[in-house]
Amino acid sequence: MDGEEVAQRSIVDIDEHLCDHCGMCEAMCPFWAIEHTVNGEPVVCVHETDSFPEYIRDIRIDREKIEPYLERVDELCPLNLISIEDGELVINEKSCPCCRQCEDGTDGAILVRPIFIGSITINQDKCPEECKNCLDVCPVDALELHEDGKVYPLDKYCVYCEACLQVCPEPDEALVVKRTSIRHTTVKSGAWNKVLEKLATSSAFDRELRTKRTKKIAEAMKRRSMGGK
Ligand code: SF4
Ligand code: SF4
């Protein structure tokens, strides 16, 4: 666009020779943007070994109330996860970060409990003139432009992914994102449960995960690649 600076799409580059296929990235990504396969079969080793919990997605569709919305499913989800199959509304839950846009778009015919709890604050006085980088990258339309030309957060829809923070020229000054809790299944490791309950930010979450490279993961991968269970 002439004269306008727009945030650029980033590139994800995975070196398959360095990847040990632990599946942590797959398990952590709320959009399920990465999928590992072994011998053609999808596999998430950290789930199979119970060394990592799964996000809890609680999405309910009221089949009677949803009728009036079937004709405009294309408008309900910013990630295009809602479609019609055999006349029924279906949601690709695996890739759903539970932003709750569809809940409001259907007046509650779809009910979604969030996976991520947190807070997002924009200090508009600190935003550089004309900057709207965060608007460009938010995957779930959790930010909106007001008539005063400033960007405001829509807390209800935010999944605290921090994509906006990555492109903000004044992170922590103009924009503060905090993820305070995550709804997840229990894990067998008691230590892990404690850690996960205490995790205050997604960066702490990332740090913690990086330290959890267990032998069990490598063993599970080895078993899989040899065709065993
Ligand atoms: S919760 Fe958000 S991402 Fe999930 S289906 Fe609804 S609108 Fe799409
Ligand atoms: S953290 Fe930022 S980019 Fe992510 S959902 Fe919230 S407003 Fe959108």
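Ala, Val, Leu, Ile, Met, Phe, Trp, Tyr, Cys and Pro count as nonpolar, Asp, Glu, Lys and Arg as charged, and the others, Gly among them, as polar. By this scheme, the shell around ligand 1 comprises twelve nonpolar residues, one polar and one charged. The model is predicted, with local features requiring pLDDT of at least 70 and side-chain atom pairs pLDDT 80 or more, while totals for chains, interfaces and linings use all residues. Residues are numbered from 1 along each chain as its sequence is written, ligands are numbered from 1 in the order in which they are written, and side-chain values use heavy atoms, without hydrogens and water.

**Ligand 1**
- The ligand is surrounded by 14 residues, each with a heavy atom within 4 Å of it.
- The closest residues are Cys-77, Cys-96, Cys-99, Arg-100 and Cys-102.

**Aromatic pair**
- The structure holds one aromatic pair (ring centres within 6.5 Å).
- The ring centres of Tyr-55 and Phe-116 lie 5.2 Å apart with planes at 75°, so the pair is edge-to-face (over 60 degrees).
- Tyr-55 and Phe-116 are both buried (under 20% relative accessible area, 1.4 Å probe, protein chains only).
- The charged end of Arg-179 sits over the ring of Phe-116, 4.0 Å from its centre (CZ of Arg within 6 Å of the ring centre and within 35 degrees of the ring normal).

**Ile-56**
- Ile-56 counts as partly exposed because its relative accessibility is 28% (between 20% and 50%).
- Beyond four places in sequence, Ile-56 touches Ile-115, Arg-183, His-184 and Thr-185 (heavy atoms within 4.5 Å).
- The C-alpha atoms of Ile-56 and Ile-115 are separated by 6.3 Å, with the two residues 59 residues apart along the chain.

Conventions
Phe/Tyr/Trp six-rings, centres within 6.5 Å; stacked < 30°, edge-to-face > 60°.
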